[in-house]
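Dear colleague,

I am handing over a structure that you have not seen before, and I would be glad if you could look through it alongside the notes below.

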Amino acid sequence: ARQQGQPAPGAGREVAVISDPEGTASLCTIWLEEEGFTVKTFSTLAEAARTLPPERPITLLIDLYAGGQEALEMLERLHLESRVEFLVVLGTSPNVNILRAMEDAPPYKVLNKPFSREDLLNALQSSRQPPAAKQDPAS
């Protein structure tokens with residue numbers, strides 16, 4: 001619990017949330033707003049891509065299966081254009097290799113469903129920290 005006078009963890013941070021059919025995004029929006037984040041919701045990734053200002057990268061929260069392959073290509077483009085500073089992917093996948101590949105490719109963080117409010121906040125907190133250097137197994 002936050003002490004009185006202590007700033008909210010999300011104070012001054014914006015998160016774009018892409019809606020999903022399961023309603024997970026709606027719950028995440030409530031959690032994030034309660035923690036002081038400014039949340040912008042979009043019905044599709046394409047809508048977010050058209051709307052998000054290119055001069056201010058944003059953290060993006062999206063379901064793994066929202067939009068399929070087209071969405072993955074759009075996410076890659078947005079990242080290359082430096083419009084997404086960090087991406088939290090929500091979901092489960094029977095293909096664990098997909099999730100591992102995303103987890104190892106900054107700026108991604110994968111949250112497997114089901115996850116808690118604390119899991120979400122920890123994922124967003126990790127977006128403020130530089131990725132840990134990979135250890136060289138030979139050393």
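Predicted model: local features only at pLDDT ≥ 70, side-chain atom pairs only at ≥ 80, totals over all residues.

Residues are numbered from 1 along each chain as its sequence is written, and side-chain values use heavy atoms, with hydrogens and water left out.

The sheet is open and has five strands in the order β2-β1-β3-β4-β5, with parallel pairing; here strands (E, at least two residues) and helices (H or I, at least four) are DSSP runs numbered from the N terminus, and two strands pair if DSSP finds at least two bridges between them. At the edges are β2 (38-42) and β5 (108-112), each of which pairs on one side only. Neighbouring strands are turned against each other by 20 degrees on average, direction ignored. Between β4 (residues 84-91) and β5, which run parallel, there are five bridges, and N112 in β5 is the bridge partner of G91.

Helix α1 lies across β1 (14-18), β2, β3 (58-63) and β4, and runs at about 165 degrees to β1, whereas α5 lies across β3, β4 and β5, at about 170 degrees to β5. These angles run from 0 to 180 degrees between N-to-C directions, and the axes are lines fitted to C-alpha atoms, for helices over the stretch in contact.

The axes of α1 (residues 24-34) and α5 (residues 117-126) come within 11 Å and cross at roughly 65 degrees. The two helices are therefore roughly perpendicular to each other, a term that covers angles of 65 to 115 degrees. Where they meet, C28, W31, L32 and E34 in α1 are in contact with R117, L120, L121 and L124 in α5, contact meaning heavy atoms within 4.5 Å.

Several residues of α1 are buried, namely T24, A25, C28, T29, W31 and L32, where buried means under 20% relative accessible area with a 1.4 Å probe, protein chains only. Their cover includes β1, β2, β3, β4 and α5. T24 has a relative accessible area of 16% and, leaving aside its neighbours within four places in sequence, is in contact with L90, K113 and F115. After α1 comes G36, whose phi is positive, near 90 degrees.

Key: Parallel < 35°, antiparallel > 145°, perpendicular 65-115°, else oblique. Buried < 20%, exposed > 50% of the residue type's maximum accessible area, 1.4 Å probe, protein only.
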